[in-house]
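Reader: Hi! Could you walk me through a structure I'm looking at?
Author: Happy to, ask away.

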Amino acid sequence: MQYVQKVFCPLLAGLVLSTPMSAAQAKDSVEIYGVIGLYGGSIKRAGETGSSRAINGGGLQTSFLGFRGQEDLGNGLKALFSLESFFRPDTGEQGRNATDPLFSRNAWLGLDSPYGRVSFGRQTNPTYAVMSQLSPFGASVVFSPLTVQSFVLPYGRNILGDSVWNNVVKYSTPNLNGFQGSLLYGFGEVADKRGYANTGAHATYRAGKFMGALSVQRVRMNVTTALAEPQLAWLAGATYDFGPVKLHGSTVRTSIDGGAKTRLVDLGVSVPVSESGKVLLETAQSRIESSGLGDIKRTTTSIGYDHRLSKRTDVYAVYSRDDKTALNPGNSVALGIRHAF
C-alpha cells in the first residue's frame, strides 16, 4: 500500500488541481468519477462445504475510481484518456485482488473523430461490458448468472481471459443510426511467437426499446499467460423493454480445439414495482462438454429487489442458488448498497 499511496495520492492531487473550472474550458476537461459499493451476507456456491459470511466490496458493480479527460484538437479531432482503478472498500485495498495493477479497470489513450475512435492500452473487454446491458443484474461478478458463469472462476469461468485485456489496439465506430461496432487486437508480447494475441469483434444495435448485441473473440493470452490452444467464444443477446416488464435473453458458446466446449443460455426479467423499485429475476444454464468426463450441467438463478434512493444511490437484496451436476447446491443471500459519483 505504500507504493499506492506514493503514486496514487500525488496523481489524484494533480488531477484535481488541473480540472478546468470555467465554462470556456469545458471542452478540454478532466473528470473524477467512480462507483463505491458494499454488500454483506452469506455466499455459498455449488460443491462448497460451507458458507462464507462477510462484508465485501462491490456487489451489483465492482467498486472503482476513475479519471478521464479530453482535449479538442480542432477539425473534429479530440485526444482522450481513461485511467480507472478497481478497489475494495471493505478493506481499503487497491485492485480486485492482490495481483491487479494500479489502473486495473482501464488505462488507455486515444483519438476520437467523426470517423470513429482509436485507443491504445489496457481496456475493458466488450464481451464483458455488454453483459451489463444483457443481464438484469448488470455485469455483477457476484449476482449476475450470465456474468458469473462466463467470467468468474468459482462458477466455472466458461470464457477464458480477464474482463480487461492488456496491450490492446481498439477501433470503435461512431453511432451509425443505432449501430456501433468495435475491433480489438491485444498484443500477446510473447517472444518468438507471432499470433499469440487476443482478438475480438463486437457490435450493438439500438432502436427504440430494443437492444441487440453480438460479440466474437479469440483468446490466446489468459491475462499474461499464453494458452496452449486458443479459445473461440461468441455471445449473442437482446433486450426489449415492454414497459411493465423488460425481457433479457442471451446465449454464449465457447470451444477449444481438442478441449472443452460450453453452451450457455440465459433468460431474465426486470419488473418495475414502484417509481423507485424493481424486481430482478435471471437464470443461466451452462452445459460443459469435456472429453472423457461426459456432459456437466450448471444452473445459477438469482432473484432480487433493487431500490433507488436517488439518481446515484441504491440499495438491494439478492438471493442466489447455484446447482451443478453431482454436487450439493449452494445458496447465497446478501444485502447491499451502491453509490455512483
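Reader: Which residues are buried in α2?
Author: In α2, the buried ones are Pro126, Thr127, Tyr128, Val130, Met131 and Leu134. Buried means under 20% relative accessible area, with exposed over 50% and partly exposed in between (1.4 Å probe, protein chains only). Helices are DSSP runs (H or I, at least four residues), as are strands (E, at least two), numbered from the N terminus. This is a predicted model, where local features need pLDDT of at least 70 and side-chain atom pairs count only at pLDDT 80 or more, while totals for chains, interfaces and linings use all residues. Residues are numbered from 1 along each chain as its sequence is written, and side-chain values use heavy atoms, leaving out hydrogens and water.

Reader: What does Asn125 reach at the start of α2?
Author: A side-chain oxygen of Asn125 comes to within 3.0 Å of the backbone nitrogen of Thr127.

Reader: New topic: how many aromatic pairs are there?
Author: Searching the whole structure gives 6 aromatic pairs. Rings of Phe, Tyr and Trp (its six-membered ring) pair if their centres lie within 6.5 Å; planes under 30 degrees apart count as stacked, over 60 as edge-to-face and the rest as tilted. One of them joins Tyr33 and Phe64: the centres are 6.0 Å apart and the planes are at 75°, so this pair is edge-to-face.

Reader: Where do Tyr33 and Phe64 lie?
Author: Tyr33 is in strand β1 and Phe64 in strand β3 (residues 64-74), so their pair ties together parts 31 residues apart in sequence. Both Tyr33 and Phe64 are buried.

Reader: And what about Tyr128 and Phe151?
Author: Their ring centres are 5.5 Å apart with planes at 85°, so that pair is edge-to-face. It links distant parts of the chain, with Tyr128 in helix α2 (residues 126-134) and Phe151 in helix α3 (residues 145-151), 23 residues apart. Tyr128 counts as buried at 14% relative accessibility, and Phe151 counts as buried at 10%.

Reader: Which residues do ring pairs link into a cluster?
Author: That cluster is made of Tyr39, Phe143 and Tyr316.

Reader: Back to Tyr33, which charged end sits over its ring?
Author: The charged end of Arg68 does, 3.9 Å from the ring centre. Likewise, Arg105 has its charged end over the ring of Phe64, 3.7 Å from the centre. To sit over a ring, NZ of Lys or CZ of Arg must be within 6 Å of the ring centre and within 35 degrees of the ring normal.

Note on methods:
A polar contact is a pair of N or O atoms within 3.5 Å; within protein, one must be able to donate a hydrogen and the other to accept it, and residues adjacent in sequence count only if both atoms are side-chain atoms.
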